[in-house]
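Good morning, colleagues. Please take a moment with the chain on the screen before I describe its parts.

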Amino acid sequence: MSTNDSPEEQGGAGRPPELPKAPKAAETPKAAETPETPETPEPPKSPESLRPPQSSEPPQSPQPPQSPEPQEPSEPSKEVPGQPEETGRQRLAAGLWPPRVSRAQLIVALLLFVLGLGLAIQVRSNSDSSALRGARQEDLVRILDELDGRTKRLEDEKQRLEDQRKELESSSNQAEEARRQTVEKERQLGILAGTVAAQGPGITLKITDPTGQVQSDQLLDTLQELRAAGAEAIQINGVRIVAGSYFSDENGGVAIDGKKITQPYEFKVIGKPQDLEPALNIPGGVVQTLEKEQATVAVTRSAKIVVDALRAAKQPDYARSSS
């Protein structure tokens, strides 16, 4: 028995130890391939086969964070919390500014601007002339008379100044002539300033207002109309009218330069009666405006009107003669 066992033992001892363990090493890859066997059968196409295979391999579990799918929620995260969606007005403003203007569009815009400017000037000139074009014949005659009167007064003033210059040049005693002209100029300026009484031809305007509807602005319009017609000296109810006179409404009447006057309002005006009276009686003028307020207006021409109300000469505080 020992002899029989010895050769086996010797034979077993003479073999390398890896030979009986070789099939065991071949079994290890089979054990690793066993989980892949359920993926191979394809014939049964059941609804369960359409599902993604669930593998129990540990290396496949960390794959979801490596896939590009987590990048999709990053896009809405930039839009929602960061900035709201743009409205239609914002998109329109973004499309209009900054402007994208080509050279052709710029030339067309310049031509349209020049055309619009020419049309505006043409319309303005037509509107200015249409005021006289639509006026009545009586108004046109009055306007021409006023222009003629102003032209005549300017020509008379020019002639008077030329005569004074000639007298100064031809007079033997130029100093005396200059003194005489200075006194005459002072008298004229005194009449305009209201410090000297005046007399001459003119009209008397009397306004009776029983209802008390006539106010200071209407009296001021009457005064301006008289001045435009060539009035040189005006007195209203004992108050001398000068360049700085002002009107204001008071309880039960009107105040001129702070002095209250009551109706009837009487204007004493020195000037050319042929110009003063038509200026008041024109259609739509002072007389018709006052009559609409239920006031009675009476205009009387006179060859001699006396304006004797005076204003105290005010000495200027700072202005001094430069001559």
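Let me begin with a definition: helices (H or I, at least four residues) and strands (E, at least two) are DSSP runs, numbered from the N terminus. On that basis, the protein chain has twelve helices and eight strands. This is a predicted model, in which local features need pLDDT of at least 70 and side-chain atom pairs count only at pLDDT 80 or more, while totals for chains, interfaces and linings use all residues. Residues are numbered from 1 along each chain as its sequence is written, and side-chain values use heavy atoms, with hydrogens and water left out.

I turn to the chain as a whole. Of the 323 residues, 20% are buried. Here buried means under 20% relative accessible area, exposed means over 50%, and partly exposed lies in between (1.4 Å probe, protein chains only). A contact means heavy atoms within 4.5 Å. Among contacts between residues at least 6 apart in sequence, 73% join residues at least 24 apart.

Next, the salt bridges. In general, side chains of opposite charge can pair when their charged atoms come close. The rule applied here asks for a side-chain nitrogen of Lys or Arg within 4 Å of a carboxyl oxygen of Asp or Glu, and the count comes to five.

Which residues pair in helix 8 at a spacing of four? They are Lys152 and Asp156, which lie about one helical turn apart in this helix, residues 137–170. Their salt bridge has an N to O distance of 3.3 Å. Lys152 is partly exposed at 45% relative accessible area, and Asp156 is partly exposed at 42%.

Helix 8 also holds Arg160 and Glu157, three residues apart and so separated by about one helical turn. The closest N and O atoms of this salt bridge are 2.4 Å apart. Arg160 is partly exposed at 22%, as is Glu157 at 33%.

In helix 9, residues 174–193, Arg187 and Glu184 are three residues apart, again about one helical turn. Their side chains form a salt bridge at 2.6 Å, N to O. Arg187 has 40% relative accessibility, so it counts as partly exposed; Glu184, at 29%, is partly exposed.

Asp217, Asp221, Asp249 and Glu250 form a negative surface patch. Patches are made of residues with over 30% relative accessible area and no salt bridge, like charges being joined within 9 Å and nonpolar side chains (Val, Leu, Ile, Met, Phe, Trp, Tyr) within 5 Å. Lys and Arg count as positive and Asp and Glu as negative, without His or the chain ends; the charge is placed at NZ of Lys, CZ of Arg, CG of Asp or CD of Glu. Helix 10 (216–228) and strand 4 (247–250) each supply at least two residues of the patch. Asp249 belongs to strand 4 and is partly exposed at 44%.

Strand 5 covers residues 253–256. Beyond its neighbours within four places in sequence, Ala255 contacts Tyr246, Phe247, Ser248, Glu250 and Lys260. Glu250, one of these, is also part of the negative patch.

Notes: Areas by Shrake-Rupley, 256 points an atom, 1.4 Å probe, with all protein chains shown as cover.
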